Amino acid sequence: MNSSVDIKSLTSAELKEFLTENGFKAFRAKQVEDWLKKGVTTFDEMKNIPSDLKEFLKTRCYISVAYIEKKLKSRYDKTVKYLFALSGGEYVESVVMSYKHGWSMCISTQVGCKMGCTFCATGKSGFSRDLTASEMLAQIEAAQRDLDIRISNVVLMGMGEPLDNFDNVVKFLNLVTSQQSLNIGARHITLSTCGIVPKIYELAKLKLQINLAVSLHAPNDEIRRQTMPVAKAYPMDMLLKACRDYFDTTGRRVTFEYALISGVNDSDENAQELAKKLKGLNCHVNLIPVNSVEGTGYNKSDIKRQQSFTDILTKSGTAATVRRTLGSDINASCGQLKRNHINNKEDK
Ligand code: SAH
Ligand code: SF4
């Protein structure tokens with residue numbers, strides 16, 4: 001990457017202005033955008049663009065790319081997991097999943113993460129840098145191009161904490177939903193956060209109509225603080241109040257993510273306490289048997305525990321389901337593919 005203009009982070013109006021200011025016709029902006037949408041990685045691929053414009057773009061701009069470094073395909077379903085190399089030489093992971101309603105993609109928002117959740121492979125590998133809006137788009141475009149599909153749903157649940165990269169993420173959300181870009185409906189986008197409370201209020205104020213998922217993973221602060229350092233800054237009461245506000249302001253239901261960790265947060269008492277805390281909140285709880293990450297010592301709850309936990313929540317009026325696992329053979333939880341890749345490289 002260099003100090004030139006990140007062309008894929010420009011809105012339509014900005015691109016038009018940039019080109020006309022430099023003596024090119026406004027209609028060229030749409031042509032350039034169409035090529036970018038197709039996922040081209042060089043200006044030379046833009047066939048109907050005159051050579052003076054191509055030269056100008058080459059000297060003044062760069063195209064953010066996500067190169068496929070590694071690709072894993074599930075043997076059981078259509079899930080594909082990518083390890084992308086970015087222009088700075090860093091790696092991020094993304095997953096493409098097939099559902100009845102179309103293709104869904106889970107993308108990364110940061111290289112690593114500062115939040116340090118103890119069960120998470122990404123959290124364990126530390127933080128390198130924020131992704132730009134165009135690098136978030138590039139992951140989707142690269143997968144669409146590679147698989148010849150159209151992604152219709154996006155979840156910001158890969159590596160990184162989206163609300164810790166607020167401005168770039170909001171820019172991405174505005175771009176990805178715009179007609180000139182990938183035109184994915186805001187209601188088909190879900191942002192997952194570990195619970196950075198002030199940013200949840202800020203996001204709500206934007207009224208973007210995206211879905212909010214909050215990683216709760218505990219029924220009380222005591223347990224939450226053991227696995228999620230962010231809970232020390234923002235206690236659960238504060239977090240749940242922010243979730244209520246999100247619903248009141250946007251009308252969008254909040255989803256809670258809850259990784260069931262054997263012996264840590266999965267007892268019947270834990271379920272009862274959680275049910276009490278969530279009473280009256282228009283929400284859905286996604287229960288996820290925790291993915292074991294090397295070095296954490298955490299194991300997933302057995303099927304009986306999962307069922308009992310789900311039943312207690314449902315009976316008390318809180319919608320809860322155990323998340324269907326897609327690509328179980330390749331679903332080393334996000335962050336693990338990168339860790340293995342880097343470890344293998346270092347071993348060589
Ligand atoms: N930083 C955001 C989004 C990325 S993490 C967040 O924390 O919400 C995406 C989801 O994966 C979160 O719900 C996170 O808690 C969960 N997760 C991380 N490691 C996991 C593991 N080992 N098993 C199950 N879920 C995990
Ligand atoms: Fe970061 Fe989310 Fe992993 Fe926590 S779970 S370390 S917030 S990516």
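How many nonpolar, polar and charged residues does the shell around ligand 2 have? In this predicted model, the shell has five nonpolar, three polar and one charged residues. Here Ala, Val, Leu, Ile, Met, Phe, Trp, Tyr, Cys and Pro count as nonpolar, Asp, Glu, Lys and Arg as charged, and the others, Gly among them, as polar. The residues that surround ligand 2 are Cys 113, Met 115, Gly 116, Cys 117, Cys 120, Gly 123, Gly 160, Glu 161 and Cys 194, a residue being near a molecule if one of its heavy atoms lies within 4 Å of it.

Residues are numbered from 1 along each chain as its sequence is written, while chains are lettered from A and ligands numbered from 1 in the order in which they are written. Local features need pLDDT of at least 70 and side-chain atom pairs count only at pLDDT 80 or more, whereas totals for chains, interfaces and linings use all residues; side-chain values use heavy atoms, with hydrogens and water left out.

The largest nonpolar core holds 79 residues, and Phe 172 and Phe 256 touch the most other members. A nonpolar core is a set of buried Ala, Val, Leu, Ile, Met, Phe, Trp, Tyr and Cys residues joined through side-chain atoms within 4.5 Å. Buried means under 20% relative accessible area, exposed over 50%, and partly exposed in between (1.4 Å probe, protein chains only). Beyond the neighbours within four places in sequence, Phe 256 is in contact (heavy atoms within 4.5 Å) with residues including Val 214, Leu 216, Leu 240 and Leu 278. Another core, of 19 residues, lies apart from the largest one and has Leu 10, Phe 24, Val 32 and Trp 35 among its members.

Strand β6 (residues 102–106) is largely enclosed by the rest of the structure, because four of its five residues are buried. Strands (E, at least two residues) and helices (H or I, at least four) are DSSP runs, numbered from the N terminus. Two strands pair if DSSP finds at least two bridges between them. β6 pairs with strand β5 (residues 91–99) in the antiparallel sense over five bridges, and the two form a hairpin with two residues between them. With β9, β6 pairs in the parallel sense over four bridges. Ser 104 is the bridge partner of Met 97 and also stands opposite Asn 153 in β9.

Most residues other than glycine have a negative phi. Asp 148, in the loop between α5 (133–147) and β9 (151–156), has a positive phi of about 55°.
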